[in-house]
There are 2 protein chains.
Amino acid sequence: MRRGFHTSEYLGRVARAQAEMARAGLGALLLTTEADLRYFSGFLTRFWESPSRPWFLVLPVTGAPIAVIPSIGAALMAKTWIRDIRTWAAPDPVDDGVSLLAETLREVGGPIGVPDGPESHLRMPLADFERVRLASGLDWRGDAGIVAALRSVKSEAEIEKIAFACDIAGRAFDRVGEISAPGIPLSRVFREFQRLLLEEGADWVPYLAGGAGPEGYSDVISPASDVRLAAGDVLMLDTGAVFDGYFCDYDRNFAIARSTARQRDAQMRLFDATLAGEAAARAGSRASDVWRAMATIVGADEDAGRLGHGLGMQLTEGLSLTSRDHTMLRPGMVITLEPGVSVSTDTIMVHEENIVITEGAPRRLSRFSEKPLPVL
Amino acid sequence: MRRGFHTSEYLGRVARAQAEMARAGLGALLLTTEADLRYFSGFLTRFWESPSRPWFLVLPVTGAPIAVIPSIGAALMAKTWIRDIRTWAAPDPVDDGVSLLAETLREVGGPIGVPDGPESHLRMPLADFERVRLASGLDWRGDAGIVAALRSVKSEAEIEKIAFACDIAGRAFDRVGEISAPGIPLSRVFREFQRLLLEEGADWVPYLAGGAGPEGYSDVISPASDVRLAAGDVLMLDTGAVFDGYFCDYDRNFAIARSTARQRDAQMRLFDATLAGEAAARAGSRASDVWRAMATIVGADEDAGRLGHGLGMQLTEGLSLTSRDHTMLRPGMVITLEPGVSVSTDTIMVHEENIVITEGAPRRLSRFSEKPLPVL
């Protein structure tokens with residue numbers, strides 16, 4: 001799998017954004033988050049883990065994007081297709097890019113659109129944002145959802161990267177028997193599963209969740225405890241593994257030493273719900289339609305959590321499969337189907353697969369589970 | 001190493017914050033980021049990787065913190081010391097916690113302080129932030145740097161966690177010979193080094209950087225390429241590995257098959273600079289004093305990048321060792337000493353260690369390198 005994209009991929013993204021910006025009357029977009037910057041520039045680094053420096057990409061309504069970034073990133077940015085790279089010595093406690101950014105924005109012209117809708121945030125200090133707004137003398141507004149909408153529909157090249165990440169996780173899931181047995185602490189299973197993902201080709205593993213217990217698990221966001229696996233437990237592992245900046249996000253259940261009828265029934269219901277979701281996931285349908293197809297099978301009410309979501313450069317992005325999200329599905333949208341069922345009063349089981357919406361039946365990106373709950 | 005903290009740790013943090021809030025005339029703090037929420041609540045999860053849901057902690061000037069969070073987090077938050085937990089079914093495209101948060105803030109009273117200084121950001125959609133401000137009817141301002149200042153001085157319990165993370169990385173660095181040899185692609189070394197960190201006890205590895213080349217490396221933020229190590233290269237690995245939510249952050253250089261005089265000279269200069277930084281790192285000194293002690297040895301000018309930074313719940317936090325940062329060092333501050341030298345026109349070598357400021361000489365948290373550049 002080739003790393004990166006051809007420049008044509010970025011030119012297409014920019015052209016589509018600029019068409020929408022012209023329609024919305026925007027002079028430029030100001031982008032500040034890892035995913036938004038990378039989407040238009042290809043700038044890929046784990047250095048965002050450090051909160052100390054802001055990074056900016058200015059996308060004018062015509063012409064090429066301008067990177068306004070700390071000088072420590074200049075060499076790496078110069079390896080992307082971006083040619084206009086302006087830097088300052090960050091962190092600067094007095095003027096941390098504020099003047100340079102304001103000057104760049106004045107040159108480009110407003111109104112300036114900033115992503116401000118669902119799932120967005122502004123990755124820079126609020127006080128500096130106010131300073132930039134004032135110093136620019138321009139009109140500021142939201143981005144009218146332009147960036148999120150563009151990012152929600154994936155190109156073929158993006159889909160291949162997500163599929164590749166899914167394959168990596170599939171091979172790691174095939175090896176869970178190597179690391180799980182009665183007596184092994186869940187924290188060790190988590191650690192070892194990350195090792196398997198790396199061995200199978202993941203660049204890194206930003207996300208891992210899971211749980212274990214005789215009747216499912218209490219939630220799917222807790223870190224692993226040192227509690228030991230026991231015969232009769234069901235173990236769930238849910239991973240967001242990354243290859244070249246693109247995520248997979250799916251999970252698997254395993255029974256430890258033996259499975260119970262209750263666990264197997266729950267797993268069958270989850271399979272059925274996943275297939276119903278897959279059948280409903282057609283271009284032109286709504287996110288809420290897919291939710292409903294699964295919700296009727298698992299008995300989820302309208303206020304229950306979402307049963308899936310978009311996926312791509314971030315672990316979750318774009319739409320949510322809930323009763324309230326009526327986003328229309330379009331070819332190229334990559335989504336997860338993630339039904340959950342109650343197993344007892346305070347435990348659940350979940351199952352998750354990844355698909356891409358096409359003109360016809362969805363394409364499976366994860367190798368769908370087809371057998372009953374495997375016993376390790 | 002015990003996970004989590006005694007409730008007394010959180011009570012102390014809250015009391016110190018509230019004393020500062022009273023001085024600053026704040027009625028409450030609104031916290032939205034992973035680190036700030038965790039600092040006061042102990043809420044630890046990798047679920048923040050998903051940008052889909054905002055999370056809020058309201059810290060009133062008197063009384064206990066209030067969590068205003070998506071219902072998916074209620075079970076995990078209930079395991080912390082926080083008792084007032086208010087939830088909504090997120091993501092909600094119409095009202096994603098806005099009304100619930102505004103109601104909570106009105107109950108608590110303003111003015112509301114929001115972290116807005118260096119390294120901070122607001123982790124919620126800007127449009128929703130404006131809605132909350134309006135709906136609250138309260139006065140809003142910055143937090144006067146209260147949260148960042150508190151977090152920059154670590155308790156003994158926090159320091160032990162960072163020391164534990166440093167020990168894990170130390171054992172992994174001792175094993176780099178197992179994974180590095182001429183002909184091995186750098187991308188595989190990165191993957192395998194993450195595996196070693198996990199085997200040695202890291203919960204996860206949010207950050208890994210590095211580089212390799214005959215005369216150092218071009219920068220320290222690029223992802224690993226598939227270029228193969230060659231005899232005579234110097235390999236650098238820099239990790240932010242996490243145990244129980246606390247980071248180490250240091251690096252090591254290794255010569256592949258043989259070292260050159262130039263590499264050894266650079267490494268000796270880096271050692272000398274690190275020791276000079278350590279000697280200057282005394283309570284009452286300034287960040288800029290420590291920078292100067294190292295800068296004179298490595299020949300860094302005033303506009304060069306920083307030569308170290310604070311460390312803790314985030315890979316980098318608090319002060320920067322630059323000519324411009326005059327933050328006073330205080331006992332309990334954990335910092336990195338990270339000098340860099342030019343090896344050729346466009347390559348560098350770096351070295352990094354972790355220490356904690358005390359009343360006397362700093363305590364070393366990473367086991368300082370003492371020998372010349374090791375040859376693998």
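Let's start with charge: chain A carries 40 positive and 50 negative side chains, and the centres of those two sets lie 3 Å apart. Please keep in mind, everyone, that this is a predicted model.

Now, the overall build of chain A. There are 10 helices and 16 strands in chain A. Along the principal axes, the C-alpha trace spans about 70 × 40 × 40 Å. How does the radius of gyration of chain A fit a compact globule? For 376 residues, such a globule would come out near 21 Å, and chain A has 22 Å, so the two agree.

Let's hop over to chain B and look at one helix, H1, which covers residues 7-24. It has 18 residues, and at 1.5 Å a residue it should span 26 Å; the end C-alpha atoms are 26 Å apart, so that agrees.

Which residues of H1(B) are buried? Among them are Tyr10(B), Val14(B), Ala17(B) and Met21(B), along with the charged pair Glu9(B) and Arg13(B). The cover over the buried residues of H1(B) includes helices H2 (34-41), H6 (146-152) and H7 (156-174) of chain B, and also strands E1 (28-31), E2 (56-60) and E9 (246-247) of chain B.

Note on methods: Residues are numbered from 1 along each chain as its sequence is written. Chains are lettered from A and ligands numbered from 1 in the order in which they are written. This is a predicted model: local features need pLDDT of at least 70, side-chain atom pairs count only at pLDDT 80 or more; totals for chains, interfaces and linings use all residues. Side-chain values use heavy atoms; hydrogens and water are left out. Helices (H or I, at least four residues) and strands (E, at least two) are DSSP runs, numbered from the N terminus. The radius of gyration is taken over C-alpha atoms; the globule rule is 2.2 Å times the number of residues to the power 0.38. The place of a charge is taken as NZ of Lys, CZ of Arg, CG of Asp or CD of Glu. The expected span of a helix is 1.5 Å times one less than its number of residues. Buried means under 20% relative accessible area, exposed over 50%, partly exposed in between (1.4 Å probe, protein chains only). Contact means heavy atoms within 4.5 Å.
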